[in-house]
Amino acid sequence: MSFYIIVNEDGTIETSSSLKIKRKKGNNLIELPSDYTVIDTETTGLDPVFDEIIEIGAIKVRNNEIVDQYQTLLKPEEFVPEFITELTGITNEMLENAPKIESILPGFIEFIQDDILLGHNIHFDINFLYDYIEDVLNLEFSNDFVDLLRLARKVYPEFENHKLATVGKNLNLDISGSHRSIKDCMITHKSFQLLKAKVNNDIDTLKSLWSSYTNSGWTDLTKIKADVGSFKEDHLFYAKNCVFTGKLEKMARTEAAQCVANIGGICQNGVTMATNFLILGNFDYSSNIKGNKSSKLKKAERYILAGQDLQILSEDVFYDLISGN
DNA sequence: TCTCCTCGAGATCT
DNA sequence: CTCGAGGAGA
């Protein structure tokens, strides 16, 4: 494979392993197809730039049934490392008379056609194949694909991990002989069929696993109730409206809000004409805001100019106020 | 509420 | 890579 070294303007050196290679891959689908081709490759290592494919396996599925299969060992340019032989059982002797990948690629492409591809962590296999197919055939390997790993993590969150063998084991499949391409294709195919059944073959059921708001952890600060018996009625925050902006260094925002509630203060989510205190966190990390003022801060400053009883407090002053009672 | 953003943590493939 | 956390802003 090609090997790149790039010397940056600042003198630092990047090799191909640290280089982001742009591949125009197909779409990563969240679908439950009944027609697809499972693929799996064995390689001499994890890096598509330095390592080589030594075995390709594929299983063609139509209407959920296996209709054809493809399997070949491949002779690499370099020798197979010891640990790969231990992992896969593939020895240099076995590859002695195997074809080189260049000669079998056209046949492989013909086998998979424009099928949706299924694989476990299929990015790995596609990245390897993509580079060969581009180099040898000058073709873009852009089949859409379904990643069993991605689906299994959602559908079976209770599994101790989501390695292919673990998924297969938990689904009571025969996982002996894994780490050979055809066998792994088989485990992948059967796991996928069981996964489809688990979600009742219903794509909406599957997709609903992703639909929960990524923002579900958002807390409405006005709903935070004091969890202590009595308020500190002489405290600066007592019965006053408090708002936070920016990220607090020493505590989570909800913790800070809880402190305010326990004093008898009232937390708001945003600055209003009733706000009395705006507590300022930091914005360094937020590239949205960068050195600028947050919208809450700008709004507070306008209200202060208009004569509102509103004070802006630094994070440190806030800690002093809540701890030093 | 909802959408968009970034950051950091944690897996998986051989 | 993928995801969740936790922000902003509308």
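Tutor: In this predicted model, residues 24 or more positions apart account for 72% of the contacts in chain A that have a separation of 6 or more. Chain A holds 11 helices and 12 strands, and of its 325 residues 43% count as buried.

Student: What is the mean pLDDT of chain A, and where is the pLDDT below 50?

Tutor: The mean pLDDT of chain A is 84, and 86% of its residues reach 70 or more. The pLDDT is below 50 over residues 1-5, a stretch with 16 contacts in the model beyond near neighbours in sequence. Over residues 7-20 the pLDDT is also below 50, and that stretch has 20 contacts beyond near neighbours in sequence.

Student: Why is His189 called buried?

Tutor: The cut-off for buried is under 20% relative accessible area; His189 has a relative accessibility of 6%, and therefore counts as buried. This residue is found in helix α7.

Student: Which residues is His189 in contact with, leaving aside its neighbours within four places in sequence?

Tutor: With those neighbours left aside, His189 is in contact with Tyr36, Val38, Val61, Asn64, Ile66 and Leu118.

Student: Which residues meet where α5 packs on α7, and what classes do they belong to?

Tutor: From α5, Leu148, Leu151, Ala152 and Val155 meet Thr188, Ser191, Phe192, Leu195 and Lys198 of α7. By class, this contact has 6 nonpolar, 2 polar and 1 charged residues.

Student: Which residues of helix α9 are buried, and what covers them?

Tutor: In helix α9, which spans residues 253-263, the buried residues are Ala256, Ala257, Val260, Ala261, Asn262 and Ile263. What covers the buried residues of α9 includes the strands β9 (241-245) and β10 (266-267), together with helix α11 (315-323).

Student: What residue follows α9, and is its phi positive or negative?

Tutor: The helix α9 is followed by Gly264, whose phi is positive, near 110 degrees.

Notes
Residues are numbered from 1 along each chain as its sequence is written. Chains are lettered from A and ligands numbered from 1 in the order in which they are written. This is a predicted model: local features need pLDDT of at least 70, side-chain atom pairs count only at pLDDT 80 or more; totals for chains, interfaces and linings use all residues. Side-chain values use heavy atoms; hydrogens and water are left out. Buried means under 20% relative accessible area, exposed over 50%, partly exposed in between (1.4 Å probe, protein chains only). Helices (H or I, at least four residues) and strands (E, at least two) are DSSP runs, numbered from the N terminus. Contact means heavy atoms within 4.5 Å. Ala, Val, Leu, Ile, Met, Phe, Trp, Tyr, Cys and Pro count as nonpolar, Asp, Glu, Lys and Arg as charged, and the others, Gly among them, as polar. pLDDT is the predictor's confidence in each residue, from 0 to 100.
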